Amino acid sequence: MRYAPESMPVMTLTSGPVDAYPAVLAGLSRTLLYDYDPAFQAMYQRVIEKAQLAMRMTERPVILHGEPVLGLEAAAASMINPEDTVLNLVSGVYGKGFGYWAKRYSTKLIEIEVPYNEAIDPGAVAAMLARHPEISIVSVCHHDTPSGTINPINAIGQIVSDHGGCLIVDAVSSFGGMKTHLIATIPRRAGQRFAADARIALIELPFDAKAWTMAMISPEVTARDPGLIWLRGQILDAVDRCQ
Ligand SMILES: Cc1ncc(COP(=O)(O)O)c(C=O)c1O
């Protein structure tokens, strides 16, 4: 973004290369709650529980109050010791940057670097680990934001786990934004009726949820469309059959 020399910069209140959502900006303008305030503690608890669900963790996650770099530096500082050999996988500027942090904690740094419009090949990681059995930590950026490329961290994670190492993943711009398992809400009776045939596992919700109201909605202009009238009839029949 360019500003006229005499104009004030637009306040983004974020240090990354993106603008903050209006809801975030509105949140930032509210009164700061003291951390012993029961209202703050209840809100913090709710956020931790949601984060735990989203990350499918058995433990409660810790939320660091700061920008993403704080978490990345914390991971480097708390996981890397001088005796560790770190394999840093570089496919963009953020992956490269992690290597500089890693070097503060161990001088034994090896890198696989590919052009910044390519992704890391898991086969190359496996070959490097076979050549250097002393590698104890592997670091990788899942989505290197400026490049827009995605590294195959599931395959890399399996290789690192088989090797007995630890994997540090920078998922700053991919967490919550990547393809994930489909979650759908359907009436309990419909689920129970079709689960076995459709090979769907039914799992109780891990939290209390209010009953939802269901509605069929169609735009007024198509309300009299014979095709849609037929489709609505089919849906209503299916619902009737599940009752
Ligand atoms: C992949 C990735 N890692 C790390 C960071 C660092 O984030 P920040 O400078 O906001 O702390 C960014 C910022 O966009 C990022 O995209």
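Helices (H or I, at least four residues) and strands (E, at least two) are DSSP runs, numbered from the N terminus. The model is predicted: local features need pLDDT of at least 70, side-chain atom pairs count only at pLDDT 80 or more, and totals for chains, interfaces and linings use all residues. Residues are numbered from 1 along each chain as its sequence is written.

The chain holds eight helices and six strands. From the N terminus on, these elements run α-α-α-β-α-β-α-β-β-β-α-β-α-α. The chain has 243 residues, of which 14% count as buried. A residue is buried if 20 or more other C-beta atoms lie within 10 Å of its own, exposed if 12 or fewer, and partly exposed in between; C-beta atoms are placed from the backbone. Two residues are in contact if their C-beta atoms, placed in this way, lie within 7 Å. Among contacts in the chain with a separation of 6 or more, 59% join residues 24 or more positions apart.

Four strands form an open sheet. Their order is E2-E1-E3-E6, and the pairing is parallel. Two strands pair if DSSP finds at least two bridges between them. Strand E2 (109-113) and strand E6 (166-170) are the edge strands, and each pairs on one side only. From one strand to the next, the twist averages 20 degrees. Axes here are lines fitted to C-alpha atoms, for helices over the stretch in contact, and angles run from 0 to 180 degrees between N-to-C directions.

Strand E1 is joined to E2 by five bridges. E1 also pairs with E3 in the parallel sense, over five bridges. Single residues show the arrangement. Val86 has Ile137 as its bridge partner in E3, and Val86 stands opposite Leu109 in E2. Asn88 has Glu111 as its bridge partner in E2. Five of the six residues of E1 are buried, so E1 is largely enclosed by the rest of the structure.

E1, H4 and E2 make a right-handed β-α-β unit. A crossover is right-handed if, with the strands pointing away from the viewer, the path from the first strand over the helix to the second runs clockwise. In H4, Tyr94, Gly95, Phe98 and Ala102 are buried. Seen down the axis of H4, these buried residues fall within an arc of 95 degrees, so they line one face of the helix. The arc is that of the directions from the helix axis to the C-beta atoms. Exposed Tyr100 and Arg104 sit on the face of H4 turned away from its buried side. The buried residues of H4 pack against H3, E1, E2, E3, strand E4 (143-144) and E6.

The largest nonpolar core has 21 residues. Such a core is a set of buried Ala, Val, Leu, Ile, Met, Phe, Trp, Tyr and Cys residues joined through C-beta atoms within 7 Å. Leu89, Val138, Val140 and Ile156 have the most contacts inside this core. Helix H3 (68-79), strand E1 (85-90), helix H4 (93-105), strand E3 (135-141) and helix H6 (153-163) each supply at least two of its residues. E3 gives the largest share, five residues. Leaving aside neighbours within four places in sequence, Leu89 is in contact with Gly95, Ile112, Ile120, Val125, Val138, Ser139, Val140 and Asn151.

Helix H7 (residues 188-198) is hardly covered. The count of buried residues among its eleven residues is zero. Arg199 follows H7, and its phi is positive, near 50 degrees.
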